[in-house]
Amino acid sequence: MPDMREKYVQLQQAIERHKGEPGALMPVLQEAQSIFGYVPIDVQEIIADGLGTTLAEVYGVATFYAQFSLEPKGQYVVGVCLGTACYVKGSQKVLDKLSEVLQIPVGKTTPDGRITLNATRCLGACGLAPVMMVNDEVYGRLTPEQVPEIMAKYR
């Protein structure tokens with residue numbers, strides 16, 4: 001894993017590669033997300049300075065697109081589908097139980113950095129509603145009662 005200095009060098013290289021291109025902000029943000037795992041404020045400032053734009057524009061793009069995170073993500077990212085089929089079958093109750101068990105609100109990461117809890121849109125497994133994913137593992141036909149046992153595997 002590269003140290004922080006190397007990460008900032010990689011960021012500068014990404015900025016230089018895309019500087020002057022139309023729409024350079026998106027690929028630079030994508031590379032920054034890949035390098036750091038998220039896009040913290042200091043990285044946003046470097047991108048703004050490097051591309052000759054404002055911090056407000058960088059922040060606006062970073063917060064508009066769901067692919068960007070302004071906070072580090074946990075080792076395990078839990079996504080609970082709130083699409084129509086899942087919602088109708090009780091996914092909000094599953095999400096509420098996860099928030100209670102993990103003791104974090106939706107969109108946050110546990111203090112130990114292990115688990116990030118997100119609400120998502122359709123995961124494409126409507127027949128298994130309600131559904132959640134933990135990284136790439138799918139859990140379907142969930143009930144709130146199953147949440148503590150499932151989360152115990154990841155703690």
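**Exercise 1. Determine how N135 is classed by accessibility, where it lies, and what marks its backbone.**

Solution. N135 has a relative accessibility of 35%, so this residue counts as partly exposed. The classes are buried (under 20% relative accessible area), exposed (over 50%) and partly exposed (in between), computed with a 1.4 Å probe on protein chains only. Next, the position: N135 lies in the loop between β3 and β4 (137-139). Helices (H or I, at least four residues) and strands (E, at least two) are DSSP runs, numbered from the N terminus. Lastly, the backbone: N135 is not a glycine, yet its phi is positive, at about 55°. Most residues other than glycine have a negative phi, and most peptide bonds are trans.

Two remarks on the basis of these solutions are needed. The model is predicted: local features need pLDDT of at least 70, side-chain atom pairs count only at pLDDT 80 or more, and totals for chains, interfaces and linings use all residues. Residues are numbered from 1 along each chain as its sequence is written, and side-chain values use heavy atoms, with hydrogens and water left out.

**Exercise 2. State where Q103 and P130 are placed, and describe the backbone at each.**

Solution. Q103 is found in the loop between α6 and β2. Its phi is near 60°, a positive value in a residue other than glycine. With a relative accessible area of 72%, Q103 is exposed. P130 belongs to the loop between β2 and β3 (132-134). The peptide bond that joins A129 and P130 is cis, with omega about -5°.

**Exercise 3. Describe the packing of α2 against α3, and list the residues that make the contact.**

Solution. Begin with the geometry. Helix α2 (residues 25-36) and helix α3 (residues 41-51) pack at about 145°, and their axes are 11 Å apart. Axes are lines fitted to C-alpha atoms, for helices over the stretch in contact, and angles run from 0 to 180 degrees between N-to-C directions. The crossing of these two helices is right-handed, meaning that the near helix is turned clockwise from the far one by less than a right angle. Now list the contact (heavy atoms within 4.5 Å). From α2 come L25, V28, L29, A32 and F36, and from α3 come V43, I47 and L51. By class, the contact has 8 nonpolar residues, no polar and no charged ones. Here Ala, Val, Leu, Ile, Met, Phe, Trp, Tyr, Cys and Pro count as nonpolar, Asp, Glu, Lys and Arg as charged, and the others, Gly among them, as polar.

**Exercise 4. Describe in the same way the packing of α1 against α3.**

Solution. Helix α1 (residues 4-18) and α3 pack at an angle of about 35°, with axes 10 Å apart, and the crossing is right-handed. On the α1 side, Y8, L11, Q12 and I15 make the contact, and on the α3 side D42, V43, I46, I47, G50 and L51 do. These residues divide into 7 nonpolar, 2 polar and 1 charged.

**Exercise 5. Which residues of helix α4 are buried, and how are they arranged about its axis?**

Solution. In helix α4 (residues 55-64), the buried residues are V58, V61 and A62. Viewed down the axis of α4, they fall within an arc of 100°, so they line one face of the helix. The arc is that of the directions from the helix axis to the C-beta atoms. A56 and F64, on the other side of α4, are exposed. The cover over the buried residues includes α2 and α3.

**Exercise 6. How many salt bridges are counted, and which residues form some of them?**

Solution. A salt bridge is a side-chain nitrogen of Lys or Arg within 4 Å of a carboxyl oxygen of Asp or Glu. The count comes to 4. One of them joins K108 and E71, at 2.8 Å from N to O. K108 lies in the loop between α6 (91-102) and β2 (115-120) and E71 in the loop between α4 and β1 (76-81), so the pair ties together parts 37 residues apart in sequence. Another pairs K97 with E100, at 3.3 Å from N to O. K97 and E100 are 3 residues apart in helix α6, a separation of about one helical turn. K97 is partly exposed at 24%, and E100 is exposed at 54%.
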